[in-house]
Amino acid sequence: MSKTYKVQWTSNAKEDLLNIVSLIKDDSPTIARDVYEKIKEKAHSSNLFPLRGQVVPELQKEGITMYRELMSSVWRIMYKVDSDTVYIMAVFDSRQNIEDLLLQKLLRSPILTSL
């Protein structure tokens, strides 16, 4: 029997999903709801076989291999696998430049300090 992983959404990923839905909702609430459900379903499908997603190519070329992605239509769902949890890290439109999007996220993130 295969291991089942928990799926946990980070606040960044939740914000990404809500922003996507909000933009689509202006044109069509029905399509927005459908996109929301499909992205959530695809993200939660990672709980059974989390390593099936490919390593994010843009990060892999920089030697960063801990992040994987699944596709749901044009949406890239970026995640990281830990011992028993799949962390959904971000949701991107695949038609956008991921390097620019990640840089924007880093610039918006609060600075963490250690005590």
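The following legends describe close-up views of a predicted model.

View 1. Strand 3 spans residues 67–72. Five of its six residues are buried, that is, under 20% relative accessible area, so this strand is largely enclosed by the rest of the structure.

**View 2. The pairing of strand 2 with strand 3.** Strand 2, formed by residues 54–55, pairs with strand 3 in the antiparallel sense. Two bridges link these strands. Within this pairing, V55 is positioned opposite R68 of strand 3.

**View 3. The hairpin of strand 3 and strand 4.** Strand 4 covers residues 75–81 and runs antiparallel to strand 3, to which six bridges join it. L70 has I77 of strand 4 as its bridge partner. Two residues lie between the strands of this hairpin, where S73 adopts a positive phi near 60°.

**View 4. The largest nonpolar core.** This core comprises 19 residues, and W9, I39, W75 and I88 have the most contacts inside it. Two or more residues each come from strand 1 (6–9), helix 1 (11–25), helix 2 (29–44), strand 4 and strand 5 (85–93). Helix 1 contributes the most, with five residues.

**View 5. The contacts of W75.** When residues up to four places away in sequence are not counted, W75 touches I20, I24, V35, I39, L70, V91, F92 and D93. W75 is also one of the residues with the most contacts inside the largest nonpolar core.

Note on methods
Residues are numbered from 1 along each chain as its sequence is written. This is a predicted model: local features need pLDDT of at least 70, side-chain atom pairs count only at pLDDT 80 or more; totals for chains, interfaces and linings use all residues. Side-chain values use heavy atoms; hydrogens and water are left out. Buried means under 20% relative accessible area, exposed over 50%, partly exposed in between (1.4 Å probe, protein chains only). Helices (H or I, at least four residues) and strands (E, at least two) are DSSP runs, numbered from the N terminus. Two strands pair if DSSP finds at least two bridges between them. A nonpolar core is a set of buried Ala, Val, Leu, Ile, Met, Phe, Trp, Tyr and Cys residues joined through side-chain atoms within 4.5 Å. Contact means heavy atoms within 4.5 Å.
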